[in-house]
Amino acid sequence: MFCRLIQLLIVLSLTFSWSQNGFEIQGKKDIIKIPFKLVNNLVIIPLNVNGTSLNFLLDTGVRETLLFSLDETEQVKFESIEKIKFTGLGNKEPFDGFKSSNNLVSSKGFVDKNHIIYIVLDQNINISSQVGFPINGIIGYHFFKNHSIEIKYKQNKIYVYSSISSISKKAKNKYQKASISIEEGKPYIQTKIVFENQSVDFDAKLLIDTGNSDALWLFQDKNAAIRIPEKTYSDFLGKGFGGNIYGERGRLKSFKLGGFIFNKPLISFPDSTATEGIEMVEDRVGSIGSEIMKRFNTLYDYQNNAIYLEKNGNFILPFNFNMSGLDIQHEGLQWVKEAYDLNNTNTGLSFESDGERVTRTLKYKFVLKPSYSILSIRKGSPADLAGLKEGDVLIKLNSNFIHNYKLEDINSILKSEEGRTIYIEVERKGVLFKTKFKLQKVI
């Protein structure tokens, strides 16, 4: 299961600027639409930064806009730059970055003419490899703060309203309203959790974090009432700006968000060392990630401290997890040789008017295709027992060349069905290695 820490808890070495006015709808419109890509539960939106088109993760779990990746063809001009330091969730030391002011940022008529961007230069930070899709940065609070923002996960559309009053009463009646608090630029909500073998609700204040593709996170050291389930397994939870995150995974008895109840949702408990030195808002004990939020059409109204929820088609999906023990990452692109037919794209036989069969002429072309490797492997898992190792480069999966898959397709296969046999071929130090294993539930 893809459960990366794309949520990044950033602390800067200087005071954040709250003076920027933020985004506004251009022209005399009450509503605009912004398309997005949903990749491994994460919302990726197009943003134009100073004339350059880039992809940004829309993340309610961050306050400031961050840029951390540009490829060789992407060039962005920045002005008014000052040097700062970053720290983040994980265990690394602070690292250098820059703050840039007066940036023109826009998306489909939603424009900020004086946007502040924090630029990260650490080459080890590569969210794109975790997601399998090119991501240049993260945007959060300033996208939401001035307008009502509706995310429709099944339609892959974001609707930006000039105000909550721009939404018809009929449309709002479809939603259930819940109160949130906006603290340090992030939305928090009160929820109810029931741990296994218990019947008493635990009231939990959680960050709504669309940048975390997991369902739920709880920080055990934040409240003595938090109980780790009896059935758990240790796992790599993901990467933050501070390094790798490890912890335990299990299931809750139930989780209640507003008027909606989830039975047996997945829950992760990050190791307490990952959050050392990170200041959190009062009473926060964890996060709600996009594995939960993708099950709703969500309408965020920061100005009135409210969120509106409506079940969508994802609501009934089961909470599955990776049953292989493998975490796969995107390694970039590789040249792949493909054959194509010069004469005809039709797959049937072709004949001339005199009845002579046309001989097909095949030529070859080289195209760029994705490459994948094993980022981590859970000890004692089916993949581990089958002999696979971290760093192995994937060649084939179930007899199909790996470059024909998207990363989310691979992750979907690895959590598909208990008992399913997975055939896999990898390259390790120039030597091909073939093996197989069966998907196996741990919890």
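User: Which strand does His330 lie in?
Analyst: This is a predicted model, where local features need pLDDT of at least 70, side-chain atom pairs count only at pLDDT 80 or more, and totals for chains, interfaces and linings use all residues. Residues are numbered from 1 along each chain as its sequence is written, and side-chain values use heavy atoms, with hydrogens and water left out. Strands here are DSSP runs of E with at least two residues, while helices are runs of H or I with at least four, both numbered from the N terminus. On that basis, the run covering residues 326-341 holds His330, and that is strand β27.

User: Is His330 buried or exposed?
Analyst: Buried means under 20% relative accessible area, exposed over 50%, and partly exposed in between, using a 1.4 Å probe and protein chains only. His330 comes in at 17% relative accessibility, so His330 counts as buried.

User: Which residues is His330 in contact with, leaving aside neighbours within four places in sequence?
Analyst: Contact just means heavy atoms within 4.5 Å. By that rule, His330 is in contact with Pro370, Ser371, Tyr372 and Leu407, and also with Ser128, Ser129 and Gly132.

User: Which residues have the most contacts inside the largest nonpolar core?
Analyst: A nonpolar core is a set of buried Ala, Val, Leu, Ile, Met, Phe, Trp, Tyr and Cys residues joined through side-chain atoms within 4.5 Å. The largest one has 85 residues. There's also a second, separate core of 17 residues, with Val39, Ile84, Tyr118 and Val131 among them. Back in the largest core, the residues with the most contacts are Ile45, Phe143, Ile158, Phe255, Ile292, Met293 and Leu326.

User: What is the relative accessibility of Ile45, and which strand is its place?
Analyst: Ile45 touches Phe143 and Ile158, among others, not counting residues up to four places away in sequence. Its place is in strand β5, residues 42-49. Ile45 counts as buried because its relative accessibility is 0%.

User: How far apart in space are Ile45 and Ser107?
Analyst: In sequence, Ile45 and Ser107 are 62 residues apart. In space, going C-alpha to C-alpha, the gap between Ile45 and Ser107 is 8.2 Å.

User: How many aromatic pairs does a search of the whole structure find?
Analyst: Rings of Phe, Tyr and Trp (its six-membered ring) pair if their centres lie within 6.5 Å; planes under 30 degrees apart are stacked, over 60 edge-to-face, and the rest tilted. Searching the whole structure with that rule, the count of aromatic pairs is 19.

User: What kind of pair do Phe262 and Phe296 form, and which parts does it tie together?
Analyst: Their rings sit 6.0 Å centre to centre with 90 degrees between the planes, making the pair edge-to-face. Phe262 is in strand β22 (residues 260-263) and Phe296 in strand β25 (residues 296-301), so the pair ties together parts 34 residues apart in sequence. Phe262 is buried, with a relative accessible area of 3%, and Phe296 is buried too, at 0%.

User: Which ring does the charged end of Lys152 sit over?
Analyst: A charge sits over a ring if NZ of Lys or CZ of Arg is within 6 Å of the ring centre and within 35 degrees of the ring normal. The charged end of Lys152 is 5.5 Å from the ring centre, and that ring belongs to Tyr159.
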